Number of protein chains: 2
Amino acid sequence: MTTAEIITIGTEIIAGQIVDSNAQHIAKKLTEKGIPVLFQTSVGDDKELLKSTLRIASDRVNLIITTGGLGITANDITREVISAFFNIPLIPDEESRIRLQKYFSNRHTNRKDEYRRQCLIPEGAIALHTDNGIATGFAIHHKKKEIVCLPGSPREMQPLLHKYLKIYARQHKAEKGCLVTRNLHTFGVSERLVEDAVKGCRTNSGQTKAITLVRGGVVTINIHTTAEKENKAVRLLDKAERAIRRKLGYAVFGEGDETLEYAVFVLLNKKHKTIAVAESCTGGSLSDKLTDISGISKFFLEGVVVYSNNAKVNVLGVPEKLILRHGAVSLPVAKAMAKGIKKKASADIGVGITGIAGPTGATPGKPVGLVYIAVAKNGLVRIRKCRFAGSRIDIKNYSVNTALNMVRLVLLDVM
Amino acid sequence: MTTAEIITIGTEIIAGQIVDSNAQHIAKKLTEKGIPVLFQTSVGDDKELLKSTLRIASDRVNLIITTGGLGITANDITREVISAFFNIPLIPDEESRIRLQKYFSNRHTNRKDEYRRQCLIPEGAIALHTDNGIATGFAIHHKKKEIVCLPGSPREMQPLLHKYLKIYARQHKAEKGCLVTRNLHTFGVSERLVEDAVKGCRTNSGQTKAITLVRGGVVTINIHTTAEKENKAVRLLDKAERAIRRKLGYAVFGEGDETLEYAVFVLLNKKHKTIAVAESCTGGSLSDKLTDISGISKFFLEGVVVYSNNAKVNVLGVPEKLILRHGAVSLPVAKAMAKGIKKKASADIGVGITGIAGPTGATPGKPVGLVYIAVAKNGLVRIRKCRFAGSRIDIKNYSVNTALNMVRLVLLDVM
């Protein structure tokens, strides 16, 4: 059974200057392939500390994946430390040399020689290349251990990891039972309800397992099944998924990397509908999320951020007396915003969000976290009064996710 | 000399379901206090693996900080493992009990008994509390090692870490030389230029050090100085900072946690200016960033996301013939957008951004990453043509940062 440790190398990580998103990416991909990650370790650009980290890792797992330290500066120590630790000499990789030559053929640099270091890999290692960059990664098999070294730039690391995992899958196909995993994302139901729905699909034989995880109001179910053969494992997984979907219905909005905004995009495309949004407390965050999706420009007509009362009146035609009577943060104003932006942009769907993101701005009866969301379509306006907790950023985020989910349900004709 | 290891505990981390931002936060705070972090380790909710992790950590550092596993579910194993590993019994902490009682006095739950587990701490430990939640953290001194256990929720973890670091500072005051650090953030100059400016401030005696780090176009300089006494170290740091600022001038926009949007907010406030923004390819991301700042509502009047040509014409009054002649992604259109939104919102400053965020949408002569940014103020429009590389999200992010920096320079009257 393969077990893995991920080692991220870099003083910027160990000093807390950047979040280690590489470790998360690699852990996710390994887990999806059924390789349990037992440890993640981060260490600075220090030869002795890296060596001791490798020593510990090779005592406790059989697959070690490192990222970082494959560049050309003095701080890039991974190649040399791996070579010294496993006592394998470094030799130039021919394909890397050719790629580098090609790369520099139309570029001017006085650092060509320094870059030659990037072509060095341990003797007997498999070199890993990507068209996204000039770093060379590599994988070595040494005394029943597998060591894979990847660059630190995510743009280069991710395709190289993908390549390695293909090699891994080929080599380990026959060895073991097959594990298949899938993530289902839900919104609008509590974690407790999701937990109850998930319980039934867990099998006593332990072939099917499921765990839940909450983030930004999204409850994700991670289902994994094991069986001797892949098609059996997939069958089990499909069965579990069907059971969960039956119980949770429209609360399930996507799987894998699918986000709420992606689910909305797919539905807009399917139903040939256009959308426009008017935001107050979320300050453009809903527009920002929607426009993260490539291809949305066909359906997303316009967004406005109407922070001031003036803008609400002048831009969206919200009646001034409505604001005076109910306040800017109120149900009637959210409704008028949704209808106003729909009309203004000639869109099929209009969204209005108004609330108090905090930490200041609360008034008697209107606490921080109070948010009204309205979705207008076909002369009907669906509304929701929410009360969110957390920081300013949390409240913006919950509000945007709730609005996206409302749009999704409206497009599905179930709200 | 204190050296630290951070251990984050949780299967959701080890399986790659969430990014481990706690480790980064703790590493940053320790580094700022002059405590070098040698290792960060993540491990799942597994008693034996956590024990082995503690064994390794206590062999290689003298300060261990853990997060996670202090809740009330079966997966919360930290308290019990610490107790077993160091052979110290768990006892109820009186203040925690009182806090819990108070918390439940106006809440209904049938899980009161389960929550009592949260009051248990190792005998002799210092309990750490926060008003942000009901988790109890603790710090133990055991055989010259310091072990600090914090909850996994950032809202609870961060104030408890802060409390612990105050205790640490009191205890270690006399022990060692003082290290002071500061981060300076720059924008608009290359890392190489920043590196050159930084070189001169490094002292031969090694009392002053500086490293640079790039993210989203922002180049951050981390300066640290050491001296016997704190005021000497601060004097050295101030000197280094003055030298760097002299060389880099207006490229330095902030320090510590200050962002470009915060720098813009401070200047808008100081100069009593209002702003409105018109975004195409950035899709609301500029508005979103500005409205992350609490208090911006006084200065940020309006944002529009004009994805379609129609919206550019109807909402902003961009002349249709301009779009026909030059295309929507062009300098004249960016200018017209900036002037249009400025006029529409009666703002002092108007920003227009148009470009191709990709991955599709490139046309001959207009590649992915081509972005035009315009800032209008007092009848003058400053413009910039940019060519960014990376993913759709990267390009949105670079564009927003470049626009924010242009607004900053315009407000400083240096652009």
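Burial, contacts and cavities in a predicted model

User: Why is His326(B) called partly exposed?

Analyst: In this predicted model, His326(B) has a relative accessible area of 31%. Buried requires under 20% and exposed requires over 50%, with partly exposed in between. The value of 31% falls between these cut-offs, and His326(B) is therefore partly exposed.

User: Where is His326(B) found, and what is it in contact with?

Analyst: His326(B) belongs to helix 13 of chain B, which covers residues 320-326. Neighbours within four places in sequence being left aside, His326(B) is in contact with Pro332(B) and Lys366(B). Contact here requires heavy atoms within 4.5 Å.

User: Why does Thr181(B) count as buried?

Analyst: The relative accessibility of Thr181(B) is 18%. The term buried applies under 20%. Thr181(B) therefore counts as buried, because 18% lies under that cut-off.

User: What surrounds Thr181(B), and which strand holds this residue?

Analyst: Thr181(B) is placed in strand 9 of chain B, residues 178-187. Residues up to four places away in sequence not being counted, Thr181(B) touches Thr31(B), Glu32(B), Asn222(B), Ile223(B), His224(B) and Leu237(B).

User: How many cavities are there, and what volume does the largest have?

Analyst: There are two cavities of 30 Å³ or more. The largest cavity has a volume of about 110 Å³.

User: What makes the lining of the largest cavity, and which residues lie nearest its centre?

Analyst: The lining consists of 16 residues. Those nearest the centre are Asp20(A), Gln40(A), Ser42(A), Asp20(B) and Gln40(B). Two or more lining residues come from each of helix 2 (21-32) and strand 2 (37-43) of chain A, and likewise from helix 2 (21-32) and strand 2 (37-43) of chain B. Strand 2 of chain A gives the most, with three residues.

User: What share of chain A is buried, and what share of its accessible surface belongs to carbon and sulfur atoms?

Analyst: Of the 415 residues in chain A, 55% are buried. The accessible surface of chain A is about 18,500 Å², and carbon and sulfur atoms account for 50% of that area.

User: How many helices and strands does chain A have, and what does its C-alpha trace span?

Analyst: Chain A has 15 helices and 17 strands. Its C-alpha trace spans about 80 × 60 × 40 Å along the principal axes. Among contacts in chain A between residues at least 6 apart in sequence, 66% join residues at least 24 apart.

User: How many positive and negative side chains does chain A have?

Analyst: Chain A has 61 positive and 39 negative side chains. The centres of these two sets lie 9 Å apart.

Note on methods:
Residues numbered from 1 in each chain as written. Chains lettered and ligands numbered in written order. Predicted model: local features only at pLDDT ≥ 70, side-chain atom pairs only at ≥ 80, totals over all residues. Heavy atoms only, no water. Helix = DSSP H or I, 4+ residues; strand = E, 2+ residues; numbered from the N terminus. Buried < 20%, exposed > 50% of the residue type's maximum accessible area, 1.4 Å probe, protein only. Areas by Shrake-Rupley, 256 points an atom, 1.4 Å probe, with all protein chains shown as cover. Lys, Arg positive; Asp, Glu negative; His and termini not counted. Charge placed at Lys NZ, Arg CZ, Asp CG, Glu CD. 1 Å grid on protein atoms, 1.4 Å probe; cavity = no way out; pocket = protein on both sides within 12 Å on 5 of 7 lines; lining within 4 Å. Points joined across faces, edges and corners; volume = space filled by probe spheres on them.
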